[in-house]
Amino acid sequence: MKCEYCDIVDRKSRLQILYEDNDLIVAVKDTVLTPGQVTIFPRQHFTIMEMVPENILEKCFILANKVGAAIFDSLECQGTNIIVQNGLSAGQKVPHFALEVIPRRDGDNLNFQWQPKELAEDEVELVYQMLKEEVGKIVKSKDGKKGKVKEVEEVVVKDEKTLMKMQKEDEKNYLLKSLRRIP
Ligand SMILES: [Zn+2]
């Protein structure tokens, strides 16, 4: 199987590795949106995010945060976009899960802005109901036999403080606001 990121892992590619450990690779590619863009991906080949074990996924995001700090310090940028193109429809080009850390500078003319459109009230209600049922199934299930469900539950427990805060602030309001960000 030909995979650009597995080639980096196997040193078949001349692309530069900035950091590596047993689980992850941090590399600089030759085709990027802007100089300083860094790609973080698991050493093992996983096509999409849902396939990545949670401990590795966790490490990916922690590393993205650290790499982001290094980018701020060394390249004097004013911000970063951290992007996952998860699936073909999301613009994924390499079939190997990766996080892109993209340095941003004022006036760099990269456009990641999209215009949210306001949904009709019944559309909001419909997606809310559909999501609520499915999210409830995945996040709140106590069925330990389903490995994936259990893993998700563990993550939610870790993040309980945030969830509680959200609920206090008005759970429905939060979901509606989030929905409006969907392009
Ligand atoms: Zn691969």
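**Entry 1: a pair across two strands**

I am working from a predicted model here. The two strands involved are β3, residues 38-42, and β5, residues 99-104, and they pair in the antiparallel sense over three bridges.

**Entry 2: the whole sheet**

Next I wanted the sheet around that pair. In what order do its strands lie? I read off β1-β2-β3-β5-β4, an open sheet of five strands with antiparallel pairing. At the edges I found β1 (16-20) and β4 (79-83), each of which pairs on one side only. I also checked how the strands are turned: neighbours in this sheet sit at 25° to each other on average, with direction ignored.

**Entry 3**

I walked through the pairings at the β1 end. β1 and β2 run antiparallel and are joined by four bridges, and the hairpin from β1 to β2 goes through three residues. Glu20 has Ile25 of β2 as its bridge partner, while Gln16 stands opposite Val28, also in β2.

**Entry 4: stepping back to the chain**

I counted elements next and got five helices and five strands in the protein chain. Written from the N terminus on, they run α-β-β-β-α-β-β-α-α-α. How much of the chain is buried? I noted 12% of the 183 residues. I looked at contacts as well: of those between residues at least 6 apart in sequence, 56% join residues at least 24 apart.

**Entry 5: helix α2**

I checked the length of α2, residues 54-75. Its 22 residues at 1.5 Å a residue should span 32 Å, and the end C-alpha atoms are 31 Å apart, so the two agree.

Which residues of α2 are buried? My list is Cys60, Leu63, Ala64, Val67 and Ile71. They cover an arc of only 120° around the axis, which means they are on the same side of α2. I jotted down the background rule beside this: an α-helix has 3.6 residues a turn, so residues three or four places apart point the same way.

I turned the helix over as well. On the face away from the buried side I found the exposed residues Glu54, Asn55, Ile62, Asn65, Ala69 and Asp73. The buried residues of α2, for their part, pack against β2 (24-28), β3, β4 and β5.

**Entry 6: the core**

I went looking for the largest nonpolar core and found that it has 17 residues. The residues with the most contacts inside it are Ile40, Ala64, Val67 and Val101. I asked myself which elements supply at least two residues each: α1 (4-9), β2, β3, α2 and β5 do. α2 gives the most, with five residues.

Not counting residues up to four places away in sequence, Val101 touches Gln37, Val38, Ile40, Ala64, Val67, Gly68, Ile71, Thr80 and Ile82.

**Entry 7: Ile8**

I then went to helix α1, where Ile8 has its place. Is Ile8 buried or exposed? I put it down as buried, because 22 other C-beta atoms lie within 10 Å and the cut-off is 20 or more. Leaving aside neighbours within four places in sequence, Ile8 is in contact with Ser13, Leu15, Ile17, Ile25 and Ala27. I also took one distance: the C-alpha atoms of Ile8 and Val26 are separated by 10.0 Å, and these residues are 18 apart along the chain.

**Entry 8: two positive phi values**

Last, I looked at backbone angles. My reminder to myself was that most residues other than glycine have a negative phi. Arg11 has a positive phi, near 60°, and is not a glycine. I located Arg11 in the loop between α1 and β1. Arg11 counts as exposed because it has 9 C-beta neighbours inside 10 Å, and the cut-off for that is 12 or fewer.

Glu76 is no glycine either, and its phi is positive at about 50°. Glu76 follows α2, in the loop between α2 and β4. With 10 C-beta neighbours inside 10 Å, I logged Glu76 as exposed.

Conventions:
Residues are numbered from 1 along each chain as its sequence is written. This is a predicted model: local features need pLDDT of at least 70, side-chain atom pairs count only at pLDDT 80 or more; totals for chains, interfaces and linings use all residues. Two strands pair if DSSP finds at least two bridges between them. Axes are lines fitted to C-alpha atoms, for helices over the stretch in contact, and angles run from 0 to 180 degrees between N-to-C directions. Two residues are in contact if their C-beta atoms, placed from the backbone, lie within 7 Å. The expected span of a helix is 1.5 Å times one less than its number of residues. The arc is that of the directions from the helix axis to the C-beta atoms. A nonpolar core is a set of buried Ala, Val, Leu, Ile, Met, Phe, Trp, Tyr and Cys residues joined through C-beta atoms within 7 Å.
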